[in-house]
Amino acid sequence: MLRITESDTEKKLRELRKENPNYDAMWNRIRLETDKRGSGWQEQTAAPDNKESLKKKWLMPAACAALAAVIAVGAAASQGYLENLLPDAKAAPLGQSVGVQAEAEGVVLKLNQVLQGTERGYGTEQPEERMTLDFSLSGFGDEDVQIAEFDQSSITDLDTGKKLQLSMGDFNTNYIDSIEDWAANRTLNTSAKATGAFNEAEGMHRYRLEMSGLYMIRRTSIPIEGKVKLGQEYTVLPDQDFKMKISDIKWDEKQNRMTIKFLPNKNVPKLDTKDSSTLEMDRSNVVSLQLGDRDLGPSSWMAPIDSELVVSEMEGEYNIRGLTEDQISDMTMTFHYAEPVRVIEGPWTLDFTLDPSKAEIPTETVPVADDSELNEQTGWTLGEAHFGAYGGIITLDRGKTVVSLEDGEIVNYSSISLTDGKATFSGSQDNVPGLKTTKNNGNPQEIISFSTEGGMAVEAEETIASYDFRNKPLTLSFSNAWVAHNHPDHWKVIGIPTEDEQQVTDALPDGTQIKYKYHRKGKDVLVEREVPEGTDVYEGTRLRVDGKEYSFDPFPGDEGHVRDQEGNYHYVDVYRNVPEGETFEIGIGVYGTIDPTKNAKVIIRK
């Protein structure tokens, strides 16, 4: 996975609308695929080892719950999980064939193809120049390598002397573009992304790539002798004198969750890379729990953030649904870690020359041919479309200034796709007005954006990373509209909140059933909401006491979410300093439901 794409992915996932996400289910799916990979299982739908950030581990507030999905998706992308969801085929490469190579200690790095074009990152309107470089790595011999990555990499424009920003992916035996080549001749493939101030001068352009510190690893699993026991110290890797101790065990019966704190000694396995993000998605240490044949999930820690620290305590969270306290003593553990195979210092230096007429796909501007169907359904009009090698954007005008969402207004579409009949790309509606995320960003221009990554070639059934949209017929499809509901005068009388949790169900004017669970905690009143699938609450709940309305805390911390026994997260609105009263009422802010009758097609170019 390219390191530079992770922040864009996180932003997108943070704005996904799902009222009751089950991040554990997402995570467990990826983890199960990981375990299969680790055992040598080679089906095309596998996923890698789970990873997490360098800071707080696993125990996440609702505000960071989306980050769990980010971590999972990022880890999946690292070893080709997302790519493997699509058929195993390659698109014809675009750009200029290069073919230069360099060798160090028998390992050959080859630059095969270079494509230059423009892209617009998530939440940005201005195009950014981007260069994609496709590499192959060979000469591994019979070493048991699973993943390899360069610790240091750079690209320099030799004509201007300026360095560009380079983000390079890892080489992975499970990556879809490497599986066949690895089986045939032990060659791995990856790509890199270069951005920055490109030389706009006419004629040939010269560049130099410099790589060093090639780390080659394999994921290794070691059963830990002994059962799970508080205070117990375990010898995990005797030859490295690596031990760890269980320092704390907590049982959350309501959420079916067990939290275990592990304290490793100073000999915890780690990779001594100069860049802490090298192999970031694959370098973590993982402790998984088992009860017989049942896997209770993994938990992991990374190298300490402070290099002066010797050890970093890990806090693990496990799904214990259906277990009893007596079964804790029967649980066993397995330790998974990145085992170094070989490190080659290098360097590898590759000089190459680009011909812009061959390497570059210029951005084109296309007037929208016919958006009448969308306008009839929504009142919206579309501006000009801008397409480059890596996707495009189309501006959207609602014909009015949106301060808050009105009842019956179409908020956005849950499914948007672009096709020319031969390839199909998913789109997203960004900067939707009236939503908190957009308001917090200063209400930027609303756009429809497309990325070629993850696109699908219909006829050849091949995955696509870039595309030439020029002179092709383009059709845009909108389906499953989110429609806003705003009922400011609708209130539900509830019992006076006490320390004991109470619950009530309310039928909203459109027929939607919403369940509230509420209780008092000191001076605060906490309101949890549960809504049916296909419903999304945009503005949270409302609370009125003896006719006076109160606002919830927008930054409630860990109190702002709760996980049920099925692993679904529910939002909790925390109202601070609520006085005692005689009449308590709960209302709901603006919320949305899906309407499948508002679908529309737009002809971009015939």
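Trainee: Leaving aside its neighbours within four places in sequence, which residues is His-205 in contact with?

Mentor: Contact means that heavy atoms lie within 4.5 Å. Once neighbours within four places in sequence are set aside, His-205 is in contact with Asp-159, Asn-199, Phe-352, Thr-353, Leu-354 and Pro-356. Please note that this is a predicted model, in which local features need pLDDT of at least 70 and side-chain atom pairs count only at pLDDT 80 or more, while totals for chains, interfaces and linings use all residues. Residues are numbered from 1 along each chain as its sequence is written, and side-chain values use heavy atoms, with hydrogens and water left out.

Trainee: Where does His-205 lie, and is His-205 buried or exposed?

Mentor: Strands (E, at least two residues) are DSSP runs, numbered from the N terminus. His-205 belongs to strand S8, which covers residues 205-224. As for accessibility, buried means under 20% relative accessible area, exposed over 50%, and partly exposed in between (1.4 Å probe, protein chains only). His-205 counts as buried because its relative accessibility is 6%.

Trainee: Which backbone oxygen does the side chain of His-205 reach?

Mentor: The term to learn is the polar contact, a pair of N or O atoms within 3.5 Å; within protein, one must be able to donate a hydrogen and the other to accept it, and residues adjacent in sequence count only if both atoms are side-chain atoms. The His-205 side chain reaches the backbone oxygen of Ala-201 at 2.6 Å.

Trainee: How many residues does the largest nonpolar core have?

Mentor: A nonpolar core is a set of buried Ala, Val, Leu, Ile, Met, Phe, Trp, Tyr and Cys residues joined through side-chain atoms within 4.5 Å. The largest one here has 35 residues, and those with the most contacts inside it are Leu-133, Phe-135, Ile-155, Leu-209 and Trp-348. Among the elements that give two or more residues to this core are strand S1 (96-104), strand S3 (128-138), S8 and strand S16 (348-354). S8, the strand of His-205, gives the most, with five residues. Apart from this core lies another, of 26 residues, including Leu-396, Ile-410, Ile-448 and Leu-476.

Trainee: Which residues is Phe-135 in contact with, beyond its neighbours within four places in sequence?

Mentor: Among them are Leu-109, Leu-111, Met-168, Phe-171, Leu-188, Ala-192, Leu-209 and Met-211.

Trainee: How many salt bridges does the count come to?

Mentor: A salt bridge is a side-chain nitrogen of Lys or Arg within 4 Å of a carboxyl oxygen of Asp or Glu. By this rule the count comes to 21. In one of these, the side chains of Arg-342 and Glu-105 meet at 3.6 Å, N to O. This pair links distant parts of the chain, 237 residues apart: Arg-342 is in strand S15 (residues 332-344), and Glu-105 is in the loop between S1 and S2. Arg-342 is partly exposed because its relative accessible area is 23%, whereas Glu-105, at 54%, is exposed.

Trainee: Which residue does Arg-218 form a salt bridge with?

Mentor: The partner of Arg-218 is Asp-144, with the closest N and O atoms 4.0 Å apart. Again the pair links distant parts of the chain, 74 residues apart, with Arg-218 in strand S8 and Asp-144 in the loop between S3 and S4. Arg-218 counts as partly exposed at 22% relative accessibility, and Asp-144 is partly exposed at 46%.

Trainee: Which residues are linked in a network of salt bridges?

Mentor: Arg-398, Lys-400, Glu-406, Glu-409 and Glu-446 are linked in this way. Between Lys-400 and Glu-406, the closest N and O atoms are 3.7 Å apart.

Trainee: In what order do the five strands of the open sheet stand?

Mentor: Strands of a sheet pair through backbone hydrogen bonds, either parallel or antiparallel. Two strands are taken as a pair if DSSP finds at least two bridges between them. Here the order is S27-S28-S29-S34-S33, with antiparallel pairing. Strand S27 (502-507) and strand S33 (561-563) stand at the edges with a single partner strand each, so one side of each is left without a neighbour in the sheet. Within the sheet, seven bridges join the antiparallel strands S28 (residues 513-521) and S29 (residues 524-530). Lys-521 has Asp-524 in S29 as its bridge partner.

How values were computed:
Helix = DSSP H or I, 4+ residues; strand = E, 2+ residues; numbered from the N terminus.
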